[in-house]
Structure formats: structure tokens, C-alpha cells
Amino acid sequence: MISDNTKDKIKLKRNPSIELLRILMMLQIIFLHVSDYGDFTDIALEIKGRTELTYWVIWLMCRCPVYIFVIIMGYFLSETKNDFNYKRILKCYLPMYFYSLMIPLLYSLIRGVSLTKDYYIKAFLPFLSRTWYFMTLYLLVLILSPYLNRMIRGLDRKHFLLLIGICFLVFSVWQPLSMLEPFEGIIGIKKILSTQGGKSLYDFIYMYLLGAYMRRFHIFSSHEVSGEEDSGLNGIWNRPFIYLAGFLILGLINVFLVYKYPDDGIISVVSYNDNPLVVIQCTCLFRFFEKLDMRNYVRVGRVINYISAGNLGVYMIHEHPLIRDLIWNEIFRINTPEFYSKKGYLLLILIIIITIYAVCWAIDWIRRLIFKLFNDFFSAKSK
């Protein structure tokens, strides 16, 4: 006999811990947009003092979201056996296409604004026109994933770890060193390596492989793979808060580097996603949530999984160029020193982030409902 509680666990197709991580990473992405489009970065550096320190601490703790999403992708997709899954690609591309077409159309109708023909042509080609750089790269890795998985399945632990090490040296050591004194001008990456600060196809494949490695072999403990019980030093790596501590310490090291070497190009290096400390931070943060295992909290898990389903919609809506301009230049006009001089400005930023997430999530919920109704209609018709 299967208990009701066990039945509930079986019904949880997604791991709530990882889905909670997705939600938190999307909130961090919105914060990064507060920094860029709400001018938190420029104003904090201008005000200096406590405001600048606060900015650096929070901002350098929010360098992981893009990579975490791709790590999660590699963690789960690397175990799939399908050679080429058209449905999975369409599931990712159709919402992208929907928002690329509907947002300009509704924007022009509601606001009475005429958009150029070129804008509408670009709207029909969201994958090629780079409406959302992340979605284009995400979809590219999705298309390549069956072939990456074939390679991954042929690697044993030793050779897989060696591959991850090579990627780390190339993307997270060679590139940063080429930007720092006294190595700048001696070590070069021109015409060899250009990752746009960790926002390239190279980096996304690098993170996909890292996620796949953590799924198969974890990071530190061979006992996890063999199923043996950890003891002593090995047992430490099974404690989630060790990873959280590592994440926080590495973030504070980045803050220290910014203040210790302000004029040596270190700021541009620590701001990159493929900064070596950030890559290790990503690993620690992912492992923390992986080890946190919330599958016993079934009802909470269902709520988390339900909310997480709207994450990519939240990203595409609030980061569309038209909506982005509307949010930061008309709705939330926070790009003034007066805003960041208020005592409660951090609380106001948090409220703005949650509001953007909630409104965009609700819009995407309507979109998903429409898609479901269409799917049910055509499924019923085909029977």
C-alpha cells in the first residue's frame, strides 16, 4: 500500500528546492536590471560611502542567475535519452514568439504609437533578431543538447573533470588575466576568445557541462556516486550550509577585491559572469539548494513549482525593449540620487522587484491558460 504522503511525493515531478532557486534567480535578475536601468550602479558609485558598499555587497551576491539557469538546464537535460526533442524546443520557442509579436502589437494599439516596419520584421524573428539574448542562447543550447549529451555519456569521471578544468582555465582564468595588470598586453584573447562578459554560447555550453557533471558525479564526494555513506571529512560535503557559507565568503572576497584594487581593472573582471570566483559561487549556490531537498514539504513544493513555471515569462515580459523602457522610465522613476538617499530605499527596491515579478507572472499565467485552452481544443478535435 502506498501512503497518501508517498503518493503526493510521486506527483511532484519537479524538485521544489531547485524550483525555488529558479525563482530567487529571477528576482536577482530583476535586481540587476534595477542596477542597470534604474541607475543604482552609477548613482551608488557617485554617492559613495555606505550606499556604495551596500550596492557592491548586494550586486556581487547577484552574479549567478544567468549561469544558474544554464547549470539547471544541464543538470536535468543531460540525463534525457531523446536524440532530438522537437516538442521541448517548441515549448521554449512558442512563448518567445508569442511575446515578440504580441508585446509590440498591444503596445502600439494601447498607446497609439506607430512602430517601424523593421521593428515588426524583427518581432517575427525573435530568435535571430536577439530580442532577448538569453532566450536565443538558451534555445541554441537546447538544440545542441542531444549532441552534447552523447559526448557526456562517453566520459568517465576523470575525463569529464578534466574537461571542466580545461573550460575553467580557458574561460575563467585565461580571459580575466588578459584584462588585468601586469598581464594585460602579455596574455591576449583577441580573435581567440570573446565571451561578452560571460554571455556567449561558449559560456552557456561551459555551464551546461558543469550542470551535467554535477548530476552525474557531483563535485567533491565520490561516495554520492557510489551510494556509500559519507563519514568524516567527506560527510561535510553533504551539509547544505557549507555551500551557502562558501557562496557568501566568495561574494565578500569579490567585494574586498573591488575596494583593494579599484584602479587595476578588477571591477570589470569581477562583474563578469565567468569570473572564477563567480563560477565557484554558482556551484556552491546550486549545491546548497540541491542538498536542501524540500520534497518532503509536498504542499509548499507544489506552490513553489507552480510559481516557478512562469519564470521565463517574467523574464521575457519585463526585459522586452518596449516594456523595459515603460517600467524604468515611466512607471518606476528611480534613477535619481534622491531615491537612493532615502533611508528605506532598499525596501522600496524589494517592493519594486516583487511587483514586477508578480505582474509579469500574472500576465504569463494568462498566456499559459490561453495556450492550454488552444491545445485542449485541437487535441479534442483530432480525436
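This passage describes the fold of one chain and then several of its residues.

The model is predicted; local features are reported only where pLDDT is at least 70 and side-chain atom pairs only at pLDDT 80 or more, while totals for chains, interfaces and linings use all residues. Residues are numbered from 1 along each chain as its sequence is written, and side-chain values use heavy atoms, with hydrogens and water left out.

The chain contains 21 helices and zero strands. Both kinds of element are DSSP runs numbered from the N terminus, a helix being H or I over at least four residues and a strand being E over at least two. The radius of gyration is 22 Å, close to the 21 Å given by the globule rule for 383 residues, so the chain is as compact as a globular protein of that length. The radius is taken over C-alpha atoms, and the rule is 2.2 Å times the number of residues to the power 0.38. The C-alpha trace spans about 65 × 65 × 45 Å along its principal axes.

Of the 383 residues, 46% are buried. A residue is termed buried under 20% relative accessible area, exposed over 50%, and partly exposed in between, with a 1.4 Å probe and protein chains only. The accessible surface of the chain is about 20,500 Å², and carbon and sulfur atoms contribute 65% of that area. These areas come from the Shrake-Rupley method with a 1.4 Å probe, and for residues only the protein chains shown count as cover. Among contacts in the chain with a separation of 6 or more, 79% join residues 24 or more positions apart; a contact means heavy atoms within 4.5 Å.

There are 42 positive and 30 negative side chains, and the centres of the two sets are 9 Å apart. Lys and Arg count as positive and Asp and Glu as negative, whereas His and the chain ends are not counted. Each charge is placed at NZ of Lys, CZ of Arg, CG of Asp or CD of Glu.

The structure holds zero disulfides, a disulfide being a pair of cysteine sulfur atoms within 2.5 Å. For Cys-62, the nearest cysteine sulfur is that of Cys-64, 8.7 Å away. The sulfur of Cys-64 has its closest cysteine sulfur in Cys-282, at 3.4 Å, which is too far for a bond. Cys-62 is buried, with a relative accessible area of 8%, and Cys-64 is buried as well, at 0%.

Leu-21 is buried, at 0% relative accessibility. Apart from neighbours within four places in sequence, Leu-21 contacts Ile-68, Ile-72, Leu-285, Phe-286 and Phe-289. With neighbours within four places in sequence set aside, Ser-17 is in contact with Phe-289, Leu-292, Asp-293 and Met-294. Ser-17 and Ile-304 are 287 residues apart along the chain, yet their C-alpha atoms are separated by 8.5 Å.

In helix α3 (residues 40–47), the buried residues include Phe-40, Thr-41, Ile-43 and Ala-44. An α-helix has 3.6 residues a turn, so residues three or four places apart point the same way. Helix α3 is followed by Lys-48, in the loop between α3 and α4 (49–60). Phi of Lys-48 is positive, near 65°, in a residue other than glycine. Lys-48 is partly exposed, at 48% relative accessibility.

A positive phi, about 60°, is also found at Arg-130, which is not a glycine. Arg-130 lies in the loop between α8 (126–129) and α9 (133–153). Arg-130 is exposed, with a relative accessible area of 55%.

Helix α21 (residues 345–382) contains Ile-366. Ile-366 is partly exposed, at 46% relative accessibility. The C-alpha atoms of Ile-366 and Ala-245 are separated by 39 Å, and the two residues are 121 residues apart along the chain.
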